[in-house]
Structures are given as structure tokens and as C-alpha cells.
Amino acid sequence: MDPLRLRDFVEIVDGIVTGPADPDLTIVHVATHSEQIRSRSAFFALRGTRDGHQFVASALTNGAVVAVVAMGRRPADGGAAVVAS
């Protein structure tokens, strides 16, 4: 994936930032599993047989710089950017 600034990423996912964030923060990876996070990743909290919103804190601990959550969800994020979409 080509690096994306947070401001461009938010526009692509049609979301809004609900946490503190630097709009020039760079995202270089995306993941849907909190244990597959690499530095400067965006974590997508998907709902399925397990609710990915339960793993946002773990993803952030593992190096995610932003979490994409469902509108209305505000998981404990440790001060990282949260994008509601």
C-alpha cells in the first residue's frame, strides 16, 4: 500500500476523526486482526463472529496509529485517532 496521510485516509473511508490526531500522520498498512498489526497500521474493527471493536486497544498496543470503528462506537483508544465510518 502506498503511504496515506490521515486526512486522505479519512476521506477514502468516508469517516470522521473522533479522537486526537495529526492530519499529516502517515498510514502504511491496514489490518483486520489485532495481532497482524505493524507500525503505522490502520486497524479496521469489523463485526462478525467476533466483534473487532473488542480488539481496538490490543491493535493500538501492537502499533496501530488509527482504528476504524462503526459510527457510534467509541472504544478505549489510549489517545490514538479513531475514525468512525
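Trainee: Why is strand β6 (residues 64–69) described as largely enclosed by the rest of the structure?

Mentor: A residue is buried under 20% relative accessible area, exposed over 50% and partly exposed in between, with a 1.4 Å probe and protein chains only; 5 of the 6 residues of β6 are buried, so the strand is largely enclosed. This is a predicted model, in which local features need pLDDT of at least 70 and side-chain atom pairs count only at pLDDT 80 or more, while totals for chains, interfaces and linings use all residues. Residues are numbered from 1 along each chain as its sequence is written, and side-chain values use heavy atoms, with hydrogens and water left out.

Trainee: How many helices and strands does the protein chain have, and in what order do they run?

Mentor: Helices (H or I, at least four residues) and strands (E, at least two) are DSSP runs, numbered from the N terminus. On that basis the protein chain has 2 helices and 7 strands, in the order β-α-β-β-β-β-α-β-β from the N terminus on. Buried residues make up 40% of its 85 residues.

Trainee: What makes strand β5 (residues 41–44) a partner of β6?

Mentor: Two strands pair if DSSP finds at least two bridges between them; β5 and β6 are joined by 4 and run parallel. F43 stands opposite A67, and F44 stands opposite V68.

Trainee: Which elements make up the β-α-β unit, and what is its handedness?

Mentor: With the strands pointing away from the viewer, a crossover is right-handed if the path from the first strand over the helix to the second runs clockwise. The unit formed by β5, helix α2 (residues 56–61) and β6 is right-handed.

Trainee: Which residues form the largest nonpolar core?

Mentor: A nonpolar core is a set of buried Ala, Val, Leu, Ile, Met, Phe, Trp, Tyr and Cys residues joined through side-chain atoms within 4.5 Å. The largest has 11 members, namely A31, I37, F43, A45, V56, A59, L60, A64, A67, V69 and V82, and the elements giving it two or more residues are α2 and β6. Apart from it lies another core, of 9 residues, among them L6, I27, V66 and V83.

Trainee: Which residues line the largest pocket, and what is its volume?

Mentor: On a 1 Å grid over the protein atoms alone, a pocket is an open set of points where a 1.4 Å probe fits, with protein on both sides within 12 Å along at least five of seven lines, and lining residues have an atom within 4 Å of a point. The volume is about 210 Å³, and the lining consists of T32, H33, S34, E35, F43, L46, G48, T49, R50, D51, G52 and F55.

Definitions and conventions:
Points joined across faces, edges and corners; volume = space filled by probe spheres on them.
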